[in-house]
Each structure stands twice: as structure tokens, then as C-alpha cells.
Amino acid sequence: MRITALVVLVVITSGVTSLLIIRELRALKVSFDLLTIIYVKFNQDLTTAYRQSVRITTHARERRGSEVQRLSPGLEGVLAEAFETRAEQVQQARSVLDSAIAHPDRLGGEEAVRTLREFREVLSRLEDLAAAAANLKPAEALADVRSENEINELFRRLDDQVSRAIIDLQIQVSERERETERTIALLAAATAVMALLAALGVIWTLRPLRRLAASVRQLGEGDWAQRVAAPGALRGDEVGRLALEFNHMAEALQERERRLIRGERLAAVGQLAAQVTHEIRNPLSSVALNVELLDDEIASASPEAQQLLRKITAEIDRLTAITEDYLGLARRKPPERVPTDLAAELHSLLDFMAEELGSAGVEVEVDVPGPAWVLGDAGQLRQLFMNLLRNAREALVGNRGGAADDVSDLGDLSSDLARTPRIAVRLRQGAGVVRVSVEDNGPGLPVADVDKVFEAFFTAKPQGTGLGLSIVQQLVQDHEGSVRVASTGPGGTAFEVQIPACAPPPPSVSSAGVPV
């Protein structure tokens with residue numbers, strides 16, 4: 001928007017400058033038209049008429065000085081033509097004034113034709129006298145000395161008025177020309193300054209492009225964490241929005257790279273897990289069978305031997321569970337998604353795990369109103385939330401045993417022991433999704449681990465495999481949903497799962513009432 005605004009400002013400034021220059025040129029043209037079209041034409045007609053009047057006056061003086069009073073036919077014709085020409089020229093000069101006075105807007109308004117009105121008053125009397133003389137015989141007109149003297153006086157008067165008006169108009173034209181030159185120079189300077197400011201504004205606006213180009217280069221080199229500050233994005237700045245889009249692209253590429261690496265890692269792990277578990281499961285089964293046989297053989301032996309056998313059995317069960325996790329990661333099937341009441345599945349799962357959680361001393365708070373329909377695989381959804389619940393249980397129980405490493409930890413340990421382990425399961429619906437949160441009141445996650453908890457094999461537990469939350473994320477993504485750490489801290493950790501909601505299935509025909 002800023003660059004667009006600067007361009008529009010320059011265009012508007014140029015347009016205003018052009019309009020002002022055109023106005024000044026039009027005003028100057030009006031002055032030139034008044035000088036060249038009106039005054040020049042009027043002066044030409046008046047000069048021609050005055051020239052004829054001079055001829056007539058010369059012949060009148062010669063006639064008064066001659067003893068011959070009668071005019072020769074040739075002289076009479078010349079004088080008649082002079083009288084007629086003088087009257088016609090005066091009439092033409094009058095028509096020039098009348099045309100100009102009739103259209104004052106062409107000459108700059110009433111102020112410009114005020115002088116022409118003064119000319120017309122004098123010219124009207126001159127026109128009457130010249131027309132009257134032209135209607136008389138040349139001898140009679142020459143004898144009217146008084147009229148001829150008045151005509152000559154009017155010519156001289158008009159000549160003085162026209163000369164002064166032309167000089168004043170020339171001065172006015174010169175001043176208007178200089179004023180126009182100054183105005184054009186100022187407007188050109190203002191336009192140049194505005195263009196310079198616009199150019200500086202564009203340069204300042206595009207300055208972040210250098211940083212953006214450097215970030216793009218680093219992004220191309222594999223630095224997916226590269227980001228660009230976008231302070232102008234909130235103001236609608238073009239470069240700011242471009243930087244914002246670059247950041248979105250970098251985040252998308254980083255997420256894609258993370259998923260690609262994770263997918264490659266899981267693929268390699270899956271292939272390895274399939275081979276390893278194939279080699280481990282048979283020996284484990286054989287060991288478990290031999291341990292059971294040995295337990296039967298030494299049933300009457302010392303209790304210490306039986307306790308050792310129970311420990312061996314527990315470790316075998318743990319290894320078997322690990323192999324099952326690996327097999328689940330390697331042979332994960334695509335979900336068979338059908339309309340499923342997630343609330344009912346959660347209640348069923350919590351009932352199934354009630355003994356497991358109760359034996360660990362964990363209280364469960366359930367806030368799961370139903371029904372909540374999603375398009376999902378019931379078995380995989382149960383596995384998903386079972387992993388989250390067991391993860392929460394391990395976070396609670398795994399941090400309550402053992403002794404403090406030093407005296408300074410005794411206060412924190414006593415406060416942890418005083419806190420009752422609690423898991424809260426809450427379900428909410430809205431905006432086309434079903435949200436399920438699994439919250440615990442454990443010690444929380446380190447800030448540095450929040451972004452890593454869904455990576456395969458990442459675990460902070462001494463005996464964890466790091467596959468539980470990774471499998472959770474895979475299952476959620478298979479259901480076109482998302483999972484995230486909604487909150488964590490000394491008060492506990494909350495995982496939130498979002499799955500798209502769907503319409504409930506239509507009632508079956510068998511369940512409909514049949515009238516008797």
C-alpha cells in the first residue's frame with residue numbers, strides 16, 4: 001500500500017501541476033489574443049481610416065488655397081472613394097470592438113473589455129460623422145470644415161488611447177509571462193521534490209528486500225529456521241506482507257522437512273523393528289515358557305528364588321510390550337474410518353483403565369459430554385487416548401518415588417508427595433471439530449522438550465522407548481486431526497487432540513418402531 005500511495009501521490013502532484021500550468025498558459029493566451037487579435041486588427045482598421053482622413057484633409061486645404069472652387073471629375077471620384085473607404089474602415093473597427101465586447105469571457109472577463117468599451121464610445125461618434133460625410137457630395141463634405149476637424153480630433157484621441165492601451169497590455173503580457181515562468185519553475189521544482197521524496201520512500205520501503213533476499217538464500221541452503229522481521233505487515237506494507245508470507249513459507253517448509261525426516265526415520269525404524277522383533281519374539285516366548293516351567297519346578301523352593309523368577313517375568317513382559325510398540329509402528333494400518341461416538345469410546349476406555357489408574361493412586365476427573373461424532377477408527381482412537389493416559393500416569397507416578405539427591409530438594413519433594421496425582425479428561429465440541437484434552441498435575445515438561453515430545457525415540461524416562469507420543473501423532477494425522485502440548489509448567493501438562501467432527505449416522509431400519 002505504501003508504494004501504491006507514493007505512486008498515486010506523484011501522479012496527483014503531476015496532474016495538479018499540469019492543471020496549474022495549463023491555467024497560466026490559458027491566461028497568457030488570453031492576453032496575447034487581446035493584443036494580437038483585437039488591438040492589432042482594430043488598430044489596422046483605424047489606421048486605414050485615419051489615412052483616408054488625412055488625404056481628405058489635405059485636399060480640403062488645397063481647395064481652400066486655390067481659386068478654383070469646383071472639383072474636377074477625377075478628383076471628385078478620388079475624394080468620394082476616400083470618404084467611403086474611411087466610413088467602411090471605421091465601421092469595421094466598430095465591428096471588431098462589438099465582437100470582443102459581446103464575448104468578454106474569451107478575453108478574461110469584463111475587466112479586460114472595459115477599455116474596449118471606452119474605445120467604442122469615441123468610435124460611435126466617429127462612425128456617425130464618417131457616415132454622414134460619406135453620404136454628402138465630396139464638395140459639400142470638404143466645405144464642412146467643422147465636422148472634418150472633429151473627425152481628425154477623434155482619430156487623434158483614439159490613436160492616443162489605443163497606443164496607451166497597447167503599451168499597458170504589452171507590459172501586462174510581459175508580467176504575466178514572467179509570472180508564468182516563475183509558476184512553472186516552482187511547480188516543476190515541487191514536482192521534482194515530490195518525486196524525490198517518493199523515490200526515497202520507495203527505497204526505504206524496499207530496503208528490507210535485501211534482508212529478505214539474504215534469508216531466501218539461507219533458506220535455500222537448508223536453514224529452515226530462517227525468519228524475517230515484518231514490522232510493516234500490520235500497516236499493510238507490501239514488503240511487510242511479503243516478509244510475512246516468506247515466514248509462512250519458511251514455517252511450512254520447516255514443518256515439511258521435519259515430517260520428511262520423521263517419515264524417513266520412522267520408515268527406517270519400521271524396517272529395523274520388523275527384523276529385530278522377528279528375531280526377539282521367538283526367544284522371548286521360549287524364555288517366558290521356560291521361566292513358567294522353572295517356577296513350577298521350584299514352587300517349594302525358597303521365596304527368594306520365586307521373587308527372582310517374578311522379576312524375570314516382569315522384564316519379559318516389558319520387552320514384549322516394547323516389541324509390540326515397535327511392531328505397531330512398523331505395521332501401522334490405515335484407519336477404517338466410520339462415524340464413531342468419541343465420547344462413548346472415551347467412557348469405555350476409562351472404564352477399562354480404571355483399575356490400572358486406581359492401583360497407581362491416580363484420580364481421574366471426567367468431563368466428557370456426549371455424543372461427539374467423528375469419522376474414525378474406534379480401535380486406533382482407543383490406542384491413541386490410551387497412550388496419552390498412560391503417558392500422563394507415568395509422568396505422575398514416575399516423579400513420586402526415590403529419594404532426593406540433596407537436602408535442598410526435600411522441600412520440592414515433600415510438596416510433590418503432598419499433591420494427589422490427578423488426570424482430567426475433557427471433551428468439547430465446536431467449529432466443526434471435537435477437542436479432547438488430557439491433563440495431569442505433574443511437574444510439567446522442560447521448555448526445551450516441548451517441541452521434541454512427538455519425535456520418535458525422544459524420551460526423558462529411564463525405561464521409555466519414545467514411541468508413545470510419536471504413535472499418537474501418527475494416529476491423529478491419519479484421522480486428519482492435530483495434537484499439541486496445550487500447556488505445561490509446574491502445575492502440570494495438557495495435551496489437546498483435535499479431530500474433525502462429522503454428522504451422526506442415520507438410524508438403522510431395525511431400530512425404528514414398526515406399527516402393529
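Visitor: Why is the contact between Arg-426 and Glu-365 called a salt bridge?

Guide: A salt bridge requires a side-chain nitrogen of Lys or Arg within 4 Å of a carboxyl oxygen of Asp or Glu, and the side chains of Arg-426 and Glu-365 meet at 3.1 Å, N to O, so the pair carries that name. The pair links distant parts of the chain, with Arg-426 in strand β4 (residues 422-430) and Glu-365 in strand β2 (residues 363-367), 61 residues apart; strands here are DSSP runs (E, at least two residues), numbered from the N terminus. This is a predicted model, in which local features need pLDDT of at least 70 and side-chain atom pairs count only at pLDDT 80 or more, while totals for chains, interfaces and linings use all residues. Residues are numbered from 1 along each chain as its sequence is written, and side-chain values use heavy atoms, with hydrogens and water left out.

Visitor: What makes Glu-496 count as buried?

Guide: Buried means under 20% relative accessible area, exposed over 50%, and partly exposed in between (1.4 Å probe, protein chains only); Glu-496 has 14% relative accessibility and therefore counts as buried. Its salt-bridge partner is Arg-484, at 3.2 Å, N to O, and Arg-484 is partly exposed, with a relative accessible area of 43%.

Visitor: How do you know that Asp-367 and Arg-428 tie together parts that are 61 residues apart in sequence?

Guide: Their side chains meet in a salt bridge of 2.5 Å, N to O. Asp-367 lies in strand β2 and Arg-428 in strand β4, so the pair joins those parts.

Terms used. Helix = DSSP H or I, 4+ residues; strand = E, 2+ residues; numbered from the N terminus.
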